[in-house]
Structure formats: C-alpha cells, structure tokens
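Please take a moment to look at the model shown here before reading on.

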Amino acid sequence: MDGRRYSFLLVALALVFISMGASLAQGQGKAGNNKKAPYDAASTHYEVLKPSKKGQEKFLCLARGACNGKHLTCPSQCPERKPKKNKKNKGCFVDCSSKCEVTCKWRKPHCNGYGSLCYDPRFVGGDGIMFYFHGAKGGNFAIVSDDNLQINAHFIGTRPQGRTRDYTWVQALAVMFDRHTLVLAAKRVSQWDDSFDALIVRWDGEEVNVPTDGEAEWRAMGSDEREVVIERTDKANGVKVTVAGLVELNMKVRAIGEEENKVHNYQLPAKDAFAHLETQFKFTNLTDLVEGVLGKTYQPDYISPVKRGVPMPMMGGEDKYQTPSLYSPLCKACKFKGQVDFASI
C-alpha cells in the first residue's frame, strides 16, 4: 500500500471515530444518559428546578423539538403543579412540546368537556355532542378501539322494581396498549368517605401504590420505551394518567350520595355506595377509523345519530361494542392490533 492511500485510510478511520464520539456525546445528559424515548410525553419531559423567591415552580424542558433547553416558570395565579388545596386552586400545567408554555387548569375531569365519561354514564364525544350509553349491569364495553389503543369499561348497576332497564355506572377501565394493561377501578364501599382512597391501580396484573407524598406519582417504562405516569391530583380518589403518545386521563372516584339517590329514584341497595369513575380523556394519534362507544366520535367524518334537543339522547351499539371481559380487546367492531399478555393479568 503506497503512502498516499495509507494516509487516506487513516483520515477515513479518524472521521468514523469522531462521528461515533459525537453520537455518544449527544446521548449523555446531566444524569449520564439523556436518551430520548420514541414516545416523548412532552408534558412530562422536564427537569424541576429550584422555585422562584415568590414560590413559583420553574422547569427546564427536555422534550425534543424547539422547546428543548428552554426554561418555563409557573404564573403567579397557579404557582404549583400540585397545589395542596386541589379543589380550590388550579394547578400549573407544563407543556414542553411545540407550544412551550405553562397554563393554569383544574386538576380534575371536566364532565361537560370533550372526551368526558361521567354520571350514569353520560358522554361528551370528540364532536362535542352529549349522549348517554347505558350498556348493561355487569357488562364490559369497548370505549375506544384503535390500532394501538383499546380502552374497555366495566359497568355496575341496579334495576329498581318496575323499571325496564338498568341504572349503570362505570366502575373500572382497562387501558390496553403494546403488550400492557393498565387497570383503574373503584373499590366497592358501603359508605362513602372522601378521605378514604377507593382507587385501585393495577399494572399488568400487579396492584401498584401511587405515593401520596413527595412528587405523589408512579412511573413505569413500557414496551418501546413508552412512559406511563400516574400522578395524584388530590389526597385521595383523584389521578392524572399519561400513556406517552397515546392518551391522557383525568379521573376521580365518587359515589352516589343520599340526596342524589332520592332525586333520581335510583333505589340503591343498602351497604353499597356505588363508587364509580368520572373520567375525561385526551387522545393522541388516533387513526381516522377509530372505533368504540366514545372513540368513533373522533372519526373525521362522523355524524352523530343521537336525537338532539332531548334531555337524554341515547346512543345504541351494545351489540357492537360488548367484550367478553374487561381485559378482552375483542368485539364486533373492535380493531386493536396490540398483543395483550393475558398471562400477566
């Protein structure tokens, strides 16, 4: 090998090693590894900094995009992400996506907002139209069914003497994605106590404890580095759930009070407060052919069939969306393509 060719080879090798070194350097962060997951949850990808002298929380954005490296500060109207008096004070919501902003919001489901599922059960669809879907006592139904996401609901209920249908409420949700299943459910309680935490959380069949102190959150890294975050929005019975790249849920557990029971004539049996879930969903990356009781209302060409202007516009479809169990992604209209690991449930 002549000298010129040998020199060229050495230069080429040097360039390769420089390129490799630069790539490794990009992967090194303050904690030694700042690798970006393919499903960045921009709203949670930040570092909490020391608050300002006035107590306003500050953040360094780590999410990919234009907001990376930017500093954000909570406004004086909502200086904390997790205010102690959650029912009276709004929380500071950090968005390190392209919006690169902080906003003040209530940390609870808005039952009149888009994507809400509350009461006996009353929905507000992605089209903004309100409707009721009663399902059936003890039944399980697909609320959302898409290529990468399946959300089923388990209904509880009662049928007073003389009525032709059940009164129903959603007692549990199963969120299925990739090979994972996250279950959020309300415990059965005989008498309601706001201070008693009636929320059950299960991750792939194992019950998990969401801390009530410190950051008051639980995190897991699912398949394909998809992060799952559950944070408390109240001392008991309130959480926000984020499945990166798929869905956010604001949820609380509540029961039927004596006054509500009388007004609606539910005639609830003794020793059962019918604890149930109130939830508001925010979806990311749904396909145009998404299905489910709620999911179909997010189709771009969807036209609601419910009768407008009546007190209780009813949505049918029990036969299309009923599933064999809370954990099954199978129904006549379901289209989930993930692989749920039933052995772990």
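Buried residues, meaning those under 20% relative accessible area with a 1.4 Å probe and only protein chains counted (over 50% is exposed, and in between is partly exposed), make up 48% of the 345 residues in the chain. This is a predicted model, in which local features need pLDDT of at least 70 and side-chain atom pairs count only at pLDDT 80 or more, while totals for chains, interfaces and linings use all residues. Residues are numbered from 1 along each chain as its sequence is written, and side-chain values use heavy atoms, with hydrogens and water left out.

The chain contains three helices and 19 strands, where helices (H or I, at least four residues) and strands (E, at least two) are DSSP runs numbered from the N terminus. If we take contacts (heavy atoms within 4.5 Å) between residues at least 6 apart in sequence, 51% of them join residues at least 24 apart.

One sheet can be followed strand by strand. Strands of a sheet pair through backbone hydrogen bonds, either parallel or antiparallel. Here three strands form an open sheet in the order β1-β2-β3, with antiparallel pairing; two strands count as paired if DSSP finds at least two bridges between them. Because β1 (46–49) and β3 (71–73) stand at the edges with a single partner strand each, one side of each is left without a neighbour in the sheet. Four bridges join β1 to β2 (residues 58–61), and within this pairing Val48 has Phe59 in β2 as its bridge partner.

We now turn to the aromatic rings. A search of the whole structure finds 13 aromatic pairs, where rings of Phe, Tyr and Trp (its six-membered ring) pair if their centres lie within 6.5 Å, and planes under 30 degrees apart count as stacked, over 60 as edge-to-face and the rest as tilted. Phe123 and Phe131 form a stacked pair, 5.1 Å centre to centre with 0° between the planes. Phe123 is buried, with a relative accessible area of 0%, and Phe131 is buried as well, at 1%. Trp169 and Tyr266 form an edge-to-face pair instead, with 5.0 Å between centres and 85° between the planes. This pair links distant parts of the chain, as Trp169 is in strand β11 (residues 167–177) and Tyr266 is in the loop between α2 (258–264) and β19 (276–283), 97 residues apart. Both Trp169 and Tyr266 are buried. Phe123 and Phe131 also belong to one aromatic cluster, together with Phe133, Phe141 and Phe155.
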